Amino acid sequence: MRRFTWLILLTWVLLAGCTTNDQPSLIVSLVVDGQERAYPQSNPITVGEFLTQVEVELGTLDDVTPPLYTQISDGMRVTVVRVSETEDCSTTDIAFQERRVPNEGLPPGEERVVQAGQSGVEETCYRVQIRDGVRQEPVPIRSTIITAPV
């Protein structure tokens with residue numbers, strides 16, 4: 001009888017240790033669209049799965065830190081930077097080159113225009129990134145001579 005009592009007591013102690021705790025084990029901070037919020041998580045999932053779970057839609061150029069494949073951990077801070085790109089083009093004049101040819105038929109120091117020059121036009125296009133509403137430095141992507149100088 002005494003053994004039976006000890007066995008029941010031991011079983012009860014072991015079962016008491018097996019109770020589940022419904023408290024979330026992870027707290028993840030999310031910074032997106034100028035706001036920061038903390039989200040409780042009970043399952044270890046990837047950053048990508050977390051963003052889907054909290055209904056954050058990512059654009060094709062958006063920058064996520066840490067990367068989407070990273071498993072979340074307690075105290076992790078996930079940052080989403082909204083990125084868009086535009087293309088700006090501008091034209092500039094290309095100066096023609098002067099060519100001086102000595103002529104024995106002219107007095108010294110006198111010059112004569114034989115053929116007038118004409119400036120050309122060059123178009124340069126730039127890629128401009130906008131990160132969380134802040135315009136970044138333009139990066140040249142192509143340059144085309146529209147009219148060559150003569």
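## The core

In the largest nonpolar core, which has 16 residues, the members touching the most other members are Leu 30, Val 47, Phe 50, Leu 51, Ile 72 and Val 78. Two or more residues of this core come from each of strand E1 (26-32), helix H2 (47-53) and strand E4 (77-81). E1 gives the most, with four residues. A nonpolar core here is a set of buried Ala, Val, Leu, Ile, Met, Phe, Trp, Tyr and Cys residues joined through side-chain atoms within 4.5 Å. Buried means under 20% relative accessible area, exposed means over 50%, and partly exposed lies in between (1.4 Å probe, protein chains only). Helices (H or I, at least four residues) and strands (E, at least two) are DSSP runs, numbered from the N terminus.

A word on the origin of all this: the model is predicted, so local features need pLDDT of at least 70 and side-chain atom pairs count only at pLDDT 80 or more, while totals for chains, interfaces and linings use all residues. Residues are numbered from 1 along each chain as its sequence is written, and side-chain values use heavy atoms, with hydrogens and water left out.

Which residues does Val 78 contact, leaving aside its neighbours within four places in sequence? Among them are Val 28, Leu 30, Val 47, Phe 50, Leu 51 and Pro 66 (contact means heavy atoms within 4.5 Å).

## The sheet

Four strands form an open sheet with mixed pairing, in the order E2-E1-E4-E3. E2 and E3 are the edge strands, each pairing on one side only. On average, neighbouring strands are turned by 20° against each other, direction ignored; the axes behind such angles are lines fitted to C-alpha atoms, for helices over the stretch in contact, and angles run from 0 to 180 degrees between N-to-C directions. Two strands pair if DSSP finds at least two bridges between them. E1 and E2 pair in the antiparallel sense over seven bridges, and Ile 27 has Pro 40 in E2 as a bridge partner.

## An aromatic pair

Tyr 39 and Phe 50 form an edge-to-face aromatic pair, 5.7 Å centre to centre with 75° between the planes. Tyr 39 lies in strand E2 and Phe 50 in helix H2, so the pair ties together parts that are eleven residues apart in sequence. Both residues, Tyr 39 and Phe 50, are buried. Rings of Phe, Tyr and Trp (its six-membered ring) pair if their centres lie within 6.5 Å; planes under 30 degrees apart count as stacked, over 60 as edge-to-face and the rest as tilted.

Most residues other than glycine have a negative phi, and most peptide bonds are trans.

| Residue | Phi | Relative accessible area |
|---|---|---|
| Asp 33 | about 55° | 52%, exposed |
| Glu 55 | near 60° | 72%, exposed |

Asp 33 is found in the loop between E1 and strand E2 (35-41), and Glu 55 in the loop between H2 and E3. The peptide bond from Thr 65 to Pro 66 is cis, with omega near -5°. Pro 66 lies in the loop between strand E3 (63-65) and E4.

## A buried aspartate

Is Asp 62 buried or exposed? Asp 62 is buried, with a relative accessible area of 16%, and lies in the loop between H2 and E3. Its side chain makes a polar contact of 2.7 Å with the side chain of Arg 82. The side chain of Asp 62 also reaches the backbone nitrogen of Val 83 at 3.0 Å. A polar contact is a pair of N or O atoms within 3.5 Å; within protein, one must be able to donate a hydrogen and the other to accept it, and residues adjacent in sequence count only if both atoms are side-chain atoms.
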